[in-house]
Amino acid sequence: MDKHTLSVLVENAPGVLTRVAGLFARRGFNIDSLAVGRTDRDDVSRMTIVVEGDKPLIEQVTKQLHKLIDVIKISNITDDEYVDRELVMIKVAAEPGQRVEIMHMAGIFRARVVDLGRKTMTFECTGNEGKINAFEESLRPYGIKELVRTGKIAMLRGSKFVALSGGALARELEGD
Amino acid sequence: MRPVAELSGGVFVEMTVAEALVECLERENVEVVFGYPGGAILPVYDALYHSTKIKHVLVRHEQGAVHAADGYARVTGGVGVCIATSGPGATNLVTGIANAYMDSVPLVLFTGQVPTMQIGTDSFQEVDITGITMPITKHNYLLKDPQKLPVVVKNAFHIASTGRPGPVLIDIPKDVAQARISFKYPTTVRLRGYRPTYKGHPAKIIEIAKLIAKARRPVIYAGGGILASNASEELLKFAEAITAPVTNTFMGLAGFPGDHPLFLGMLGLHGTRYANLAITECDLLIGLGARFDDRVVMNINDFAPHATVVHIDIDPAEIGKVIATHVPLVGDVKLILKALLPLIEKTDRSEWLARIKSLKAEYPLSYNRDGGLKPQFIIEQLWNCTRGEAIIVTDVGQHQMWVAQYYHFKKPRTLVSSGGLGCMGFGLPASIGACFGAPASNVILVTGDGSIQMTMQELGTMMEQGLSVKIIIMNNSTLGMVRQLQQYYCQGRYMAVNFSFHPDFEILAKAYGMAGYTFRTEEDVVKGLPEALRKPGPAIINCIVPSEENVLPMVLAGKGISEAIDCG
């Protein structure tokens with residue numbers, strides 16, 4: 001089962017997230033991660049959805065998503081060259097004696113300290129999924145108190161982009 | 001008096017949102033709305049009071065309103081409109097909305113909502129109806145900005161009636177309905193996320209024409225999309241041009257003339273043996289506006305095992321959803337058939353037609369006439385009396401399948417029935433809507449003793465509106481379809497299917513001021529049915545039929561459609 005990354009432009013309208021999440025739930029599709037935020041235009045949001053499944057399933061996900069009136073454009077960027085990032089914040093147990101060691105290790109991942117407690121340190125780290133996973137694993141032995149990930153966001157490399165203009169879905173699916 | 005809306009010069013006129021809503025409905029040429037008033041929807045009803053163009057039909061339960069709007073939409077091909085209040089008014093619509101969604105029926109539904117400030121506080125008669133109906137509407141709106149009402153209504157009618165049709169709900173908080181706006185009805189629709197594809201891809205159309213030319217045993221499998229796109233005429237021409245037999249899904253019935261030599265009847269679970277066997281033997285299956293529903297396909301491995309599958313549908317999501325398609329084509333089936341017709345080459349298919357003829361002769365639809373008044377016999381007599389010149393509304397259950405098997409529909413939109421949802425109780429209110437949609441037609445409801453009792457209160461609506469529905473009840477004192485399932489799958493352990501009490505339906509008819517009949521024998525029907533149907537005014541025709549009769553043929557669970565069991 002492959003992971004697919006969908007870059008989805010939606011109306012920045014109330015209830016859009018519910019519509020998308022509801023669709024995934026009732027059709028039995030699994031969302032691996034979902035990140036949403038507005039684009040450079042106030043009226044358009046972008047969802048980066050990572051979904052696991054074989055080709056027919058991804059095709060069905062795409063078609064069903066497209067039936068939502070508030071969904072403007074869907075691009076499956078999985079097979080294109082793209083840059084993806086995720087942000088994680090990890091609060092890790094850190095006795096004063098361990099701090100230098102932990103910071104040294106965090107440096108390898110270019111993670112930054114964003115907060116300090118009496119017995120904890122909080123790091124932020126960005127990168128692709130693999131790097132974030134590796135960072136998490138390296139902190140685990142010290143005792144992770146809390147962890148928050150944003151979910152993946154992605155963008156095509158080079159001068160290609162996922163923007164509002166573009167052919168109708170039907171044409172894309174039939175392979176014009 | 002309600003102010004006249006903006007003049008052609010673009011002068012805006014101030015009015016309340018409720019008044020603007022009525023104005024919008026008039027502009028959409030809505031002639032009738034089905035509804036039930038209440039507190040939160042009060043402003044809208046107050047505005048309706050002033051409308052001279054829109055007739056409001058007061059039902060007895062909101063489910064009746066939505067089914068009636070649905071029946072109206074099915075016979076007219078237009079949009080059915082329905083109004084209900086917040087809370088229970090809105091939730092009572094839910095079954096009917098799901099029904100319309102499953103069968104792709106265009107509806108626009110308005111619900112009242114508690115005032116904006118009270119939303120989310122669990123206030124009296126508050127329910128999140130946009131949240132509840134999200135999975136069963138094509139789209140829905142919670143109107144928060146009063147100024148957007150005209151655009152939202154315009155969009156709703158557009159979305160409901162174009163592409164693959166479906167229900168759209170607009171929820172209007174009471175304070176929004178009372179707010180004043182300057183009214184201007186938009187002339188165009190701008191929806192960047194909604195652009196249905198109508199014209200079929202030319203290269204695919206050529207590819208399909210080539211496949212047809214090569215095919216030796218083609219079958220056309222036509223669904224409700226034929227009716228939705230008004231493509232019955234094109235389907236007939238197409239079938240005759242390629243000399244291919246046509247089978248209808250339940251939703252597709254009346255989309256192809258039932259007495260045509262190329263017609264195979266309905267396929268699937270209770271389809272004719274010859275339709276199912278033709279599917280099994282075909283080398284080219286042309287799916288038109290159909291969705292390969294589980295009651296059609298049954299066991300996927302046994303469905304059209306030798307066929308190249310062409311699937312033409314306006315909804316891209318239906319293509320490849322159930323079975324792998326060799327040639328997918330997205331678009332409006334009417335336009336595509338029109339484009340295909342000139343590309344068809346005359347091919348000799350006498351061998352295949354002879355095979356179809358022998359299948360029909362070998363496996364005809366049949367039932368055993370011994371043992372009382374059989375429902376199949378009644379449907380045959382109904383056909384004799386009407387010859388397809390009537391609108392047949394059904395409920396859900398055995399009687400519905402017998403109608404599908406034994407009534408030969410002649411013209412499109414003469415069958416009104418709940419297909420996808422299989423919603424008992426649909427029939428009576430839908431027949432009320434059908435009367436408004438086709439006032440010149442005879443509307444006949446075929447129902448069961450179970451179904452009719454689910455929405456029987458709408459007899460009051462029917463009488464109040466002076467409608468003449470002839471209601472034929474196949475009264476077997478049991479929930480026949482469920483009993484049949486229990487016979488086959490629960491080894492005859494009949495649980496909660498037999499009614500030990502029934503009202504006397506003939507007396508019930510009298511209580512409502514209708515004619516009432518009870519038929520117990522074939523002779524009663526032969527003598528009494530033509531008379532009962534001919535007599536003006538509504539009637540209940542209570543037919544006492546045996547409770548152990550089964551709908552056959554039947555494909556048992558897990559079996560393929562070629563393996564149906566039959567009587568005898």
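**View 1. Val94(B) in helix α5 of chain B.** Val94(B) belongs to helix α5, which covers residues 94-102 of chain B. The model shown is predicted. The residue has 17 other C-beta atoms within 10 Å.

**View 2. Partners of Val94(B) from elsewhere in the sequence.** Neighbours within four places in sequence are left aside here; Val94(B) is then in contact with Ile132(B) and Thr133(B). Gln63(B) is also shown. Its C-alpha lies 7.7 Å from the C-alpha of Val94(B). In sequence, Gln63(B) and Val94(B) are 31 residues apart.

**View 3. Domains of chain B.** The domain assignment divides chain B into three parts. Domain 1 spans 13-183, domain 2 spans 202-362 and domain 3 spans 375-544. Val94(B) is in helix α5, residues 94-102.

**View 4. Domain 2 of chain B against domain 3 of chain B.** The C-alpha centres of these two domains are 30 Å apart. Across the boundary, 13 residues of domain 2 of chain B are in contact with 13 residues of domain 3 of chain B. On the domain 2 side, seven of the touching residues are nonpolar, five are polar and one is charged.

**View 5. Chain B against chain A.** Here 19 residues of chain B are in contact with 21 residues of chain A. The chain B side of this contact is made up of nine nonpolar, six polar and four charged residues.

Note on methods: Residues numbered from 1 in each chain as written. Chains lettered and ligands numbered in written order. Predicted model: local features only at pLDDT ≥ 70, side-chain atom pairs only at ≥ 80, totals over all residues. Domains from an automatic or database assignment. Contact = placed C-beta atoms within 7 Å. Nonpolar A, V, L, I, M, F, W, Y, C, P; charged D, E, K, R; others polar. Helix = DSSP H or I, 4+ residues; strand = E, 2+ residues; numbered from the N terminus. Buried ≥ 20, exposed ≤ 12 C-beta atoms within 10 Å, placed from the backbone.
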